[in-house]
Amino acid sequence: MSDQQLQEKIIAALKTVQDPDLHKDIVSLGFVKNMKVEGGSVSYDVELTTPACPVKEQLKTECETKTQAIEGVTSVSVNMTAVVRSSEHSQPILTGVKNIIAVASGKGGVGKSTVATNLALALKLSGASVGLMDADIYGPSIPQMLGIPITPPKGGPDNKFFPHEKYGLKVVSAAFLTKQGQPLMLRGPMLGGIIQQFLQNVDWGELDYLVIDLPPGTGDVQLTLTQRAPLSGAVVVTTPQEVSLIDADKGVKMFQQVKVPLLGIVENMSYFVCDGCDKKHYIFKSGGGKTLAETFKIPFLAEIPIVGEVVEGGDSGTPVILSHPESPASMAYKELAGQVAAQVSINQLKEDKAESSFDLAWKG
Ligand SMILES: Nc1ncnc2c1ncn2[C@@H]1O[C@H](COP(=O)(O)OP(=O)(O)OP(=O)(O)O)[C@@H](O)[C@H]1O
Ligand SMILES: [Mg+2]
């Protein structure tokens, strides 16, 4: 068999490898690149849409197995890569930022900032370039969680300023715009101004993902940001208790009203794992987040356990995902990052499809 014939057989085999999130085969998705077939020796890249892909290892194994099974193949090397695609931007702001993910909650204190911080770090650890914007103007807590001193950001050209950097993340916080320990007191028009600064005056450079920690609730800041920033989607954090679920419901409705795609729901402090038995104890109530997601027909992204290390991590400036990478909470944050990144890619594919059906309609 010639190299050419063998290559054709391999491509045919790879057409049976489905991306379970995108519901298409990896050849049609254009993921298979740089294939080299020499004698029986085969190598190729599989270029995913996110390095945080939750099924990366599964896809790699399937590609290897299916290629290896073809007669004439003596060795196979599959190289998994990723290039994050950019969500559609209608507004010409934040142009170097490919995807913007807002983390929101209906109620305060449900662990939104902790989720935003660990989500951003999990995406970073997967190999993506990531920024974190602390837009909680009234109670910024990201600098504390990341151990960043409250100092004014460095200015660059064109009135722009640069984010601080910590653990490989680019970080901007409302806290950097105030004197240490002083509350930021804003009235309506000033509020719009500060958000404008956040969106237009920060030089983020090139980012695959920008995670925004919104203030709790559905007030002015959330509305202004969701309308002015070209969001790829929103993640709503809730705890299992009824009071939080009711408010999360309002949060979801707000995003629906402003037509921001919902990436899904995260249930925080879902269960407790005790040292003794390794069992999941649902100490509050179970299944509330999942039910909420089902009601709105949006994805349920992850359940995060209640763990002492999370509090310790938030207070000490070294988030749990870095201090205890193997803890159940860290594993859950990684799972969350994979699901969020997958949802962003799924939405992009829908955009692509909408575009191509438009093209077809246009071409008649
Ligand atoms: N999974 C968890 N396990 C244990 N403690 C947690 C967990 N998630 C968050 N916490 C703790 O709960 C407290 C509140 O979390 P966090 O500040 O992230 O909430 P928030 O929703 O951002 O609050 P706010 O509405 O004030 O902005 C913090 O002390 C944090 O360490
Ligand atoms: Mg917060």
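User: In what order do the eight strands of the open sheet run?
Analyst: The order is β8-β9-β7-β10-β6-β11-β12-β15, with mixed pairing. Strands here are DSSP runs of E with at least two residues, helices are runs of H or I with at least four, and both are numbered from the N terminus. Two strands pair if DSSP finds at least two bridges between them.

User: And which strands stand at the edges?
Analyst: β8 (164–166) and β15 (300–304) do; each has a single partner strand, so one side of each has no neighbour in the sheet.

User: Before I go on, what kind of model is this?
Analyst: It's a predicted model: local features need pLDDT of at least 70 and side-chain atom pairs count only at pLDDT 80 or more, while totals for chains, interfaces and linings use all residues. Residues are numbered from 1 along each chain as its sequence is written, and chains are lettered from A and ligands numbered from 1 in the order in which they are written.

User: OK, back to β15. How many bridges join it to β12?
Analyst: Four bridges join β12 (residues 262–268) to β15, and the two run parallel. For instance, V266 has A302 in β15 as its bridge partner.

User: Which helix packs on the sheet there?
Analyst: Helix α8 (residues 288–296), which touches β11 (233–238), β12 and β15. Contact means that the C-beta atoms of two residues, placed from the backbone, lie within 7 Å.

User: New topic: what surrounds ligand 1?
Analyst: There are 21 residues around ligand 1, and the closest are G108, G111, K112, S113 and T114. A residue counts as near if its C-beta atom, placed from the backbone, lies within 6 Å.

User: Which helices supply residues of that shell?
Analyst: α3 (112–125) and α9 (308–316) each supply at least two.

User: What about the three-strand sheet?
Analyst: That one is open and mixed too, in the order β3-β4-β5. Its edge strands are β3 (32–38) and β5 (75–82), each pairing on one side only.

User: How do α1 and α2 pack?
Analyst: They pack at an angle of about 140°, with axes 9 Å apart. Axes are lines fitted to C-alpha atoms, for helices over the stretch in contact, and angles run from 0 to 180 degrees between N-to-C directions. On the α1 side the contact is made by I10, A13 and L14, and on the α2 side by C63, K66 and T67.
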